[in-house]
Structure formats: structure tokens, C-alpha cells
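Have a look at the structure first, then read on.

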Amino acid sequence: MDPMTFSIIRHRLFRIVDEAVITLKHVSGSAITNEGHDLMVSLYGADGSLLMGGVGFLHHLTSAAEACKAVIRKFGDRIGEGDVYLLNDPYTAALHTSDIYLVAPIHYDGKLVAWSACFVHVYDIGAMNPGGFSPQSIDIFTEGFSSPGIKIVDKGEMVQDVVDTILNMVRSPEMVMLDLRSMIACNNVARERMQSLIAKYGPETVNEAGAELIRQSEELLRARLLELPDGSWQSRQYLDVQGETATVRLTMTKKGDRLIFDFTGSSPQSRHSINCTYWAALGGLFAPLFPLLCYDITWNEGVIRLIEMIAPEGSVVNCTRPAPVSVATVGAIQSVNNAACATIGKMLAASDKYREQATAVWHANHFAIFKFGRNQKGGQSIGILTETFAGAGGASAFADGVDIGGEVPNPISRMANVETVEASFPIRYLFRKRMADSGGPGRWRGGTGGELAIVPHKAPDGGLHYVISGKGDRHPMSDGLAGGLPGGPNAYLWAKSGEAAAAGDDGRLPGGAQAVSWGVFPLMGEDALYVRWNGGGGYGDPLDRDPENVAKDVVGALVSADAARDIYGVVLSEQGVVDTAATDALRGSMKAERMAGEAA
Amino acid sequence: MKEVRSWSATLVSMPGKSGRVIACRACSAELCGTDASWKEHAVLRESPLREAAGATYRSAGDEVLLRRFYCGSCGAALDSEIALPGEPFLLDRLAE
Amino acid sequence: MSETTYLVATDVGGTCTDTIVVSSTGEITIGKALSTPPDFATGVLNSIRSAADAMQLDMSRILEKTTLFIHGSTVVDNTVFTREGSRTGLVATEGFEDTLLVTRGAYGRWSGLTEEGIKNPVKTSRAPALVDPAAIVGVRERIDCDGDVVQALDMAGAREAIRHLVQDRKVDAIAVSFLWSFYNPSHEQAIRKLVEEVAPGTYVTLSSDIAPVPGEYERTSTAVINAYAGRVAGDYLKELGDLLARNGYRGQTMVMQGYGGLLPVEEAAVRAVGMIECGPAAGVIGAKFLGDAMGDLDIIAADMGGTTFKVGVIQNGELEYAREPMVDRFHYVAPKIDVVSIGAGGGSIIQLDPKTKLPTVGPRSAGSRPGPICYGLGGQEPTLTDVMMLIGYMDSGHFLRGSMPLDSENTRRIFKQKIADPLGTSVEDAAIGIYRIASAQITDLIRKITVERGLDPRDFVLHSFGGTCGMLASAFGEELSVRRIVIPYTASVNCAFGLVTADVRHEYSVTKTLPVDVPASEINAVYAPLMEKAARQLASEGFGKDSISMSWSVDFRYRRQVHEVTTPVRVETPLTDDGLKALVADFESLYERKFGRGSAYREAGIEMTMFRLTASGLLKRPDLPKLAEGKADASAARIGSRPIFVERRGALAEGNIYDFEKLEPGNRLRGPAVIHTPITTIAVQEGQSARMDGFRNIVLEMER
């Protein structure tokens, strides 16, 4: 087909996704959708294969394709024009129950020609704990409503009894209804725009352009893979739940134009809800793969064709029903993100041509902390601490990671202003800032993470409670690359009312503190909650870092004077100026000390 | 193959006395043949992460280890990994 | 008979400085000169002189008889882009010193990037802040969400902080931004007093003055931009004032603001952020004025020059304001007319993607030097302008009245070699394809920004401004199915034209959250002090009671929702309880119109979050002389025919060529045709008709 028309259709398909995203954010109006950009919209072919992936939480692109295919399998000929289907069963396609997919067929001249699919993290799904992440759940049955596919709009008409049934099972049904309405509006926009695109260029041309687009992505990725060295690379990620460790192990093998991700050796599924299902693991590895390997390639089925995944059944990355999975997106899925990012980074770094695309692992440990309780206006509120979307960048072969710079799987996230949070929850921040030394040391430093503390403030009930889950605080997860060190780990402290502080405790907190990482806790009276989030991984040998950059970091309180000396081998004067001779001497003796060790 | 090729960001492969070998990118010192596990031939420093690298790591679990691999001839950092006790090395290899 | 007097308006743009002189007899004269950064004032004088030359008068003769000088300038944008502002420090709440630097997480890393940029996070980073991180100091103090003081301001610490900034960090401008200062500015004000004491002469901006709104990151960023560019902007306006005075001008100077209103120069000088993107805002104001004169309330104003395509939207006579404005890659918060741009203009370079072989248009531009190949100034890369020549829209004999011959042979040769041959197609087909890609990109952009506002382009009239837009408007306007397309007589100096149609406008606001069931008197009490302040201000500027207009608007939202909608108060003010009910109803319908059916979430309850007052001092409008429309027959203006691209046929076909200067109001012609004006070219597609109206605008209509 002629390249001009192809170019126009390609651009327009992208715009369709973009417009649908705008609609989704507008109608939903929720903070997690609008601030965290915890959403996704994509277009799929008539058979459910990915046609055009949008910029959102990227681990959904392939899972939503599977959701379309599951609906096709289940409903077959009964799929009608104007229908919308809901699917949120993780054992069918979804990531966890609170990330609801709405998928809608697009017809032209009565014929099914494409699908649109979107998701948002709904306000609540009726699991044991409010907000969707449910650390106290012991199986999928306690994780709220879930469906392997149900029709909620029939030929343009809302199926009210079905919708009412769903709403009957969730907290704040009116907020969940708004989430559903936003997704319906989003699919409507996608459908209308697709139909007018087809009307202008004709169904054959659009179809051909779609096929060409997929072919082109496949060819471009194939060419790239052929340029990269053959080999295999390993990574490992630990997840902690109150002292119980699960491990995700990955061997990524590249051979010719194929890339195989093998999770053999990963832990058996956990009794805790950190597990993920097969489709979630697949989505988890594509989330970093799209932006790291396909940054200049359209994200579609063509990319997927060249990738293979092996995930042992019954493992933490391919659990079997009824294992609980509600924490998956901040649990095993993110471990898969991190493991894939690490191996892809090593592969790129092994190539002289692609080394500059390599990155150490970015923000690798989401914390799902949902505050809930009565706010200062008297209403009940549930809301996530959006700092988990603030993240931290990994270092690359040519630059430091971006401090509090986000994450790879969700390219356009952001966090809420302190004033926005304080206006709608009865809490006050004591501080929120970058965390010194949290960026993984290296020739190029990982971006720093951050730290914050909150206390109850003018709360009608004296405070509120929060649900906390994730992968714990014991392990650093943002791996370094090329000899760089990982970013510092997360930490969560509950400073309790009236408890005496011990020596060495953080003087900024009101009292003695204990670590928390899993479950439901109070933030009442004089309590404080302290959260520290991880930095990105470093790149290269810290002893190769330009001493001037170390000095600058010390002035900016991003690196402590201790770390400057002990890790970077940089000696600074009291004024913070580099002592070049002393630095050279110190670095020399540190290298000598390294060599003095015995070979393994 | 005569030429020096990238093996990783910190290592290269090149011709050695008996077949191709993996060598330090910084000083060209030979570690081992390309079919061996190079980490076995590098200097390993393994220590609890909490004590290994500064205050921010002090919240890490007691058993979490930081492994650093250095070139035995020039002291360059070649790689690092996080491990629990008894974990095998992460193995990265090119198919040459 | 009274002596002729003048109104002079000059707009400094990135490339050109445009002037419009309106005489008291209604004559309009246009002046143009190149902009002269960083010494913009010289370009301003050159531009006025060029208009004076066209009037065959001495510049000082005109300036002596000028009653009002209106000015818009990119000086602030330029200061930020070139990083040539003051050495600036920032005083923040202790514990929140990093707010500016971390930009709400990744927000500052991806904002302002193209799609391609966002998809490659490894290659993205933040723009370094305008403040040296070492020049940010925290001071102990804390105010809470009700404006109550939780922690008193540490005066000794504050004094030391200021000393440190001024003496150790050598700053000569300080921005102050504390949490919740817009509810309780006392701590910020105390810092200002301290600076005046400790370091008099330091330029100070308080966040509670410049942006009294919630959201500490955006408010802080605004205060920093203002402190950074404030001195440069102030000095520039003063220098320009002196220069004008030396050339005989004795009157008042008004400065255009990004929100489309004017401020007296003294006030503008301390609000540098207000001037950001004021040129494009003036362009939209001009489109609105013209629309009002023509009876069109819904307008898409598109401007395409050498490097960028800009578009703004006027709906029901109301201007649209940007939600998250940025300058360079820095966020700020200030009312600003929303003008969206992409890097597509006449100078945009055409390239083939090395991997996919797909043609791309821009964002790289050949600028004016070396410019397009056809200008013959050494350009070697095909541009959109070259494409326009290849498809018959531009013609050597008519470009700039024939004063600049176009190098057709060389253009064709390079285009064939770099574009057509690799594509395996003819020069014409390749050029047509690229024209269509550019047109489709613009269509997609306009569709995106109208969808963002819940609007349908089919309800709009398209105004086409700038040198390149007239050649594309008929194509993308038709695809968008706009009602009609207007290429205004003043299309080439649109922003300067907008300046003379603006009023003096002061914007005031109070942030306060109230439920909608309060008695109206409570809202009136919020407005009373604002009204008094505004009346005093306008009176001091010489506006009498009959030339003052006050309008209220209120920001509403559904509780637990993030979208706030500014709703104009159309009922009588001060409000009655019934009036308040009507206002709430207006909000609800506006919300659904903006965010779509089913988006309203009544069950959560509604609250008001901000109370705004716009106080206008009305200036005398220029009278646009409207000529009578005569006969339809345009044949007297027809100067020939040649092959031109016809969209419907997808190929070149014979079209009529007309000379704009020979057309008379009332004349009508049918496409395919091309109208050459002294500065640009207007393409008329097959199936469209063009008419010259009484204002000498060209109006294109689709024959449906």
C-alpha cells in the first residue's frame, strides 16, 4: 500500500487511542486514574490480537488482548454491535480483580472489524481489604467480585441487572459506577473514531494498513534482535512477606531473532496474594520490553510474535487457582518487570551499538498504601499514597537516573501535590523529599527515591487506617548494571503514640518506631507513618564516578559524606571541595584492596 | 575470529592462548575461556548488604548479601548481584 | 476638523515583529521587521518605522500623535529559553525543599515530550531547574489546609536563609513559596519584609501573590519563573518606554497578557509570567474580534508560519484557557489562552525514516536561513514550502509580488533524489502524499484539542492565519467538515491585529472551598473586597464607571473528583439564592458538555473551590471599515491558469489563478483555484467556493 496513506492511518490509529485515554480520564475524574495514570487503552484486531498499544500501564497490553480473545471464545456469534464486556478474572486474563477490563467489539457494515479495550483500577472491588490490594486475603474467593467475561452493555443498552449485581458487591458503588461509565465512554470514542477512519479509507485499506503495521513491527524488532549478540542472561528478584521469601528467577536467552524468557526455578506459589497468573507474568515482561527494545517501533502483535515465555505452573509467576493474586501488580508482576528489565539491560549493554539504550533497573518496589476512614469533611474516603507512582530512574551508560523520576512500565505517571492530599484526607505531611544515598552508586548514579512522613491532622475520628502491601522492605530490587550497585530498599515505619524513642531513631518522628509492611494498621492520635522508597540502580564502577559529580551530590544532600568516601572513594574538604590528590590515593588503595581478595 | 568483541559492559572476549577468552575491558587481563563461568575467576567480595554499602541499606534483611565481582588484575568492578546465602551466581554468557 | 490620531500595536514574535497602525479615520497600515533578540526594543522601533514608511510619514510624527501604544513581546519566553534570567534563589517550607526539583515525580520528565520521546524513557530527563539546587533553602514554618498556623515562622532562621542566598549564593532574585500560603500569606509576606531589610534591591516574588492557588509544585514553579525573568522583563519594558519617549511618544503603554487582556506597563513589569505566549493569545483575541464582527461565535483559529502550527479554540464567544500551561519544559499556573502547537510549518524539513522509509514532516525546520530549497538561499533539504511549489500552489511569478523568484528546477531535482526516488514514485505523487500527511497531522491535532474540550469541529468556523496556512486550510478544513473557512485580510499580522482589539483586564481570585448550599450572601462576601480592589485599580488607570465591566466566575467540582470547571456567572451579581441555583445548574451542564455524557457525579455533592473576578477597562475599538459587496463575477481578477493539486482527484489538474489585489468585495470564484496575495497563497479546492467579503476577507465554503 502507498506509504503516505499508511503513514496517515498509522498516525490516526495512535490518535484514536490518545483520544480514548483523554475521555477515560475526563469521565472518571478519580485521582488514581488522573494523577497515577493507572489506566490503559488499546486497539485490537478482529481476532483480539494487539493492533495499537497506548501509553499507560504497559503490562496490560497483552493481557487485554487475551481478554478480547477470551470474550470471543465465550460469546462467539452472540457478539453484537454496541456490546461491552467486562472481564476481571485473573485466571482468565486480568492482572488482579480490581483492574477491570471493559472490551468492546467495533463493527463496520455489520461486520466485526476490531476491538477496543481499556482498564482502570476501580475504586473498590469488594475484597477483604478496601481499595483492591488485599493482604489479608487467603484465596481468590476473598479478593472480591471476579468475572471471566460478562456482558454489561447489550447493543448500546446498559444491562442494568448485571451492573446492579456488581455494584452490590463493592464499597462506594457510586464511585465504581463512575469508573465503569468512564470506560464505556472511552470505548465509545474508540469505536466512533475507528468507524469514521474506516469510512474514509475503506475497510480493506484500514485492514491492510493494520496488517502492514504488525508486519512492520515484527520486521523492525527482528532486525534489532539480529543486531544484538546471541547469549543468555540471568536475574533474580526476591519478594518478602513478613519474613517469608519468594524468588523470581529468570534466564533470558536470545538466539537469532528469538527472545525467550524462562522463569524455571522460581518459587512455588505463595499463600500470600503476591502471586501472579500466567497472563499477568506475560504482561509483566512486555511492560519493560516495549519501551526498552521497541522505543521506536509500534507496540503491537508483531512484537509479541518474536517473544516466548516459559513459566512453570504452580509457581509464583504462574499460580493456579485458587491462589490469591490481589497484590500481583505490586508483587510478582513487578518482580517480572524488574527481572526482565535487568536481563534486557545486560543484553543491550553487551552490544556496542545499543549500550546507550541499556538501563539499570528503575523504581522496582511499589508500595500499595491505601488510606481509608472519615475525612475532615465527614465523608468516607479511600485513596492510594500516590508517591508510589513517583518512582526513581535507573542509571544508564551515559547519565544518572532521574531522581524521583518514575518507572519504565508506566511511562507517564506522576504523584499528587501534598496540598491535594491534605485537602481531602485528615493528615499532614511532616516532610516529603529526596532520600540521600538511595540512588544506586555507580559511575552513573541511580536516581534517588524519596521519603515522607504523615501524621493525623484535624481528623474527626482521631485519625484513619491504612492497608499496606507490596514486596516488603528487606530486599533492594532496583538492580545495578555493569558493576553499579542497586538502589536502596524501601522502608516503612510506624512511629507509635507515646512510645519512647530509642537511640538512633529518626528524630523527625514523634516516637519509637517499628517496621510494618503487610496488613492493616492505625494512624491515630500521635502516630506517624514514615515511608522511604527505593532509588534506581547505578551503572558502572562507583570508583569511576567523576569526583566533581560526587561533590555536587554531597552539596545537594543526595549522597552523604560517608558514602562519598566509603563507596565513591572521594575525599572532600570541609567546604565540600574535592581533594584530588587524596581522592586518587584513596581510590588507588580501594582498588588495591579489591585485588588483594582471593579469586572465588 | 581475531577481533576483540564486547562480552558485557565491563568484559570483552578476545583470542587467547588456547581459544577465545573473556578479559577485563579496562586492563585486558584474561579471566577464563569463553565457555567457563567468568565469575568463578574474578575476585568476589561478598558481605551482608547492611554493612556493605552505606546507611540506606541498613534496613535490608540481615541475610541479604551483596556480591561484588572485581578484576583481580586492575580492581575494576565487573558486576554486582544481590543474593541470599547459598544462591548460585547469576550466569550471563554470550554464544560465540 | 480634528487632527488624525493613531493607535499603534506591535507584537514581537520569534521571527518577525509586526505592527499595526490604526488611524482615527479607520485606515489600517501594516509594518513588519525582523525581531532582534535579545535587544527586542530595536526590532520594535524598526517595525513601527516600516509602517510609517508605508504611510509615507516620519515615525516620530506618528508617535507624537499616538494616543495608545499596545505591546506584546516574547521577552519572557526568550529569557527562559535562553536561560538568561537572574540568579534566583528559592525559600521553601522546611521538609519540602525538593518540591520544585522533583516536579511531582516523572511529570517534569515526560511533560512537553513528543509521543516518540515518551516511548523511550531511557533517553529522557528533566530540564535542569531555573534555580541552582544549592540556592534552595528551607525555613521552619507550617500552615495547614485551613490556613491555620501549625508552626510559627522561624524569623532568625529566615534571616539567615536570606543572608545565605544573597551573600553565599549571590542571588539577585528570590522566590518564596510556602505550603498553603494562598490561604494564609502572612509567612511569605514576612519573608518579603525581611528581604527588604536584609538585602534591599533583591527582586522578590511571593507564590501567594503571583499564583494564589492550591498545588504547591505548580505554584512554586510559577514563582520561580517570575523571579527568574522578572528583572529582565522589567528592564526591557523600561528601556522600550524610554526609546519610545525619545521618539516622541507621550501616551500610556499597555502590555498583552497570556490570558488575552492588557495590563498597564507598570503592573505588567512585576508579573513576568503573565507575558508568556501573549503573542499567540493576541492572535486568538483577534480571531474572536473578527468572529464577532462576522457573527461567528465558534472559531478554530489556526496559525501556520515558518516553523510551527498553532491552534486555539473559541467556543460560543468564550476563550479556552490552558489546563497545565508550560514554558519551555517548566510548568506554571496562570490564566493563559490555550494555544497548542506542533512543529509543522513552511520551513519544516521532509525526511524519510531511515528504517521504514516513511516520510515525516518536521519538527526540524530550515528556518529563514537557509530556508526552503526553492528560495535559492542555499537550502538543500526539501521543506513543506518546496512541496507547495511542486504541487502548483506557489509560483515564481507571484511570490511576494514576484520580488523573489523561486528555483523550481533545483527544488525538483533535490526532491526527486531525496524523496521521490527512494519512495519509488513520481515527484508529483510524492509531493501530493506529503501534502496529505501534513494536512492529516493538522487534522489530527485539531481533532485532539477539540475532543479534549468535548467539542465537535463541525460546529466551528476555521480562521486561517500565517503565511503557510492558506495553502492547507481548504484541505484540512474540509476533512474536519468545518462550517466555513475564513482567511482574514490581516492574516499575516494577526497577532498585532489582536492587540488592538483587546481590553485592559485584571484577573483576581480567591481560593476557598464552599458547599453549594450556603446562602448567596456568603459568596457575595467573598467578592466584596475583590470588587472594591478592582474598582480602585481601574479608576487609577483612568477608566470611568461606564467603561468598566466586572464579571464573576466560579470554579466548581463534584466532590472526590479532580476536574474543576470554571463556570461564568451569567445571572445578576451580587448573587441571590435563586441566582446561585441557576449558577450550579450552569456548572452541571458545562461539566457534561466538557467531559461527556454520564460524567457528572451528582451523588457525591458539589463544591465551589475558587472565586474569580475579571475586571475590564474597555478601550475604544478600531472601526473596521466594511465595504459594500458588489457583483459576484470575479473574472476581472483572473490572471491565468496552471496545473494545481486537486484533493478530490488526488492529482494535479488545471486550476484558475486569481490576484487578490484585483478582487472586489462580493466577488465569488469556484475551485480548483489559487488566489495569490502579496504575502501568501490561498488554495481553493474543487467543490469549494471563495468569496471576498466586505472586510476583504476570503471566505471559503463547501458546496455540500
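Let's start in chain C: the C-alpha centres of its domain 1 and domain 4 lie 34 Å apart. The domain bounds come from an automatic or database domain assignment. Keep in mind that this is a predicted model, where local features need pLDDT of at least 70, side-chain atom pairs count only at pLDDT 80 or more, and totals for chains, interfaces and linings use all residues. As for labels, residues are numbered from 1 along each chain as its sequence is written, while chains are lettered from A and ligands numbered from 1 in the order in which they are written.

**Domains of chain C**
- Domain 1 of chain C is pieced together from 6–79, 235–254 and 268–273, and domain 2 covers 83–234.
- Further along, domain 3 spans 504–617 and domain 4 spans 635–702.

**Where chain A meets chain C**
- Chain A puts 63 residues into this contact and chain C puts in 58 (residues are in contact if their C-beta atoms, placed from the backbone, lie within 7 Å).
- On chain A's side, α1(A) hands over the largest share, 14 residues; helices are DSSP runs of H or I with at least four residues, strands are E runs of at least two, and both are numbered from the N terminus.
- That side of chain A splits into 29 nonpolar, 18 polar and 16 charged residues. Here Ala, Val, Leu, Ile, Met, Phe, Trp, Tyr, Cys and Pro count as nonpolar, Asp, Glu, Lys and Arg as charged, and the others, Gly among them, as polar.

**Where chain A meets chain B**
- This contact takes 49 residues from chain A and 38 from chain B.
- β7(B) gives the most to chain B's side, with five residues.
- Chain B's side has 21 nonpolar, 11 polar and six charged residues.
- Strand β8 of chain A (residues 231–241) and β8(B) run antiparallel, joined by two bridges (strands pair if DSSP finds at least two).
- In that pairing, A:G231 sits opposite B:L94.

**Nonpolar cores**
- A nonpolar core is a set of buried Ala, Val, Leu, Ile, Met, Phe, Trp, Tyr and Cys residues joined through C-beta atoms within 7 Å; buried means 20 or more other C-beta atoms within 10 Å of a residue's own, with C-beta atoms placed from the backbone.
- The largest core has 405 residues, and A:A67, A:V103, A:C118 and A:A281 touch the most other members.
- α5(A) gives the most to this core, with 14 residues.
- Another core, of 24 residues, lies apart from it and includes A:V550 and B:A53.

Key:
Contact = placed C-beta atoms within 7 Å. Buried ≥ 20, exposed ≤ 12 C-beta atoms within 10 Å, placed from the backbone.
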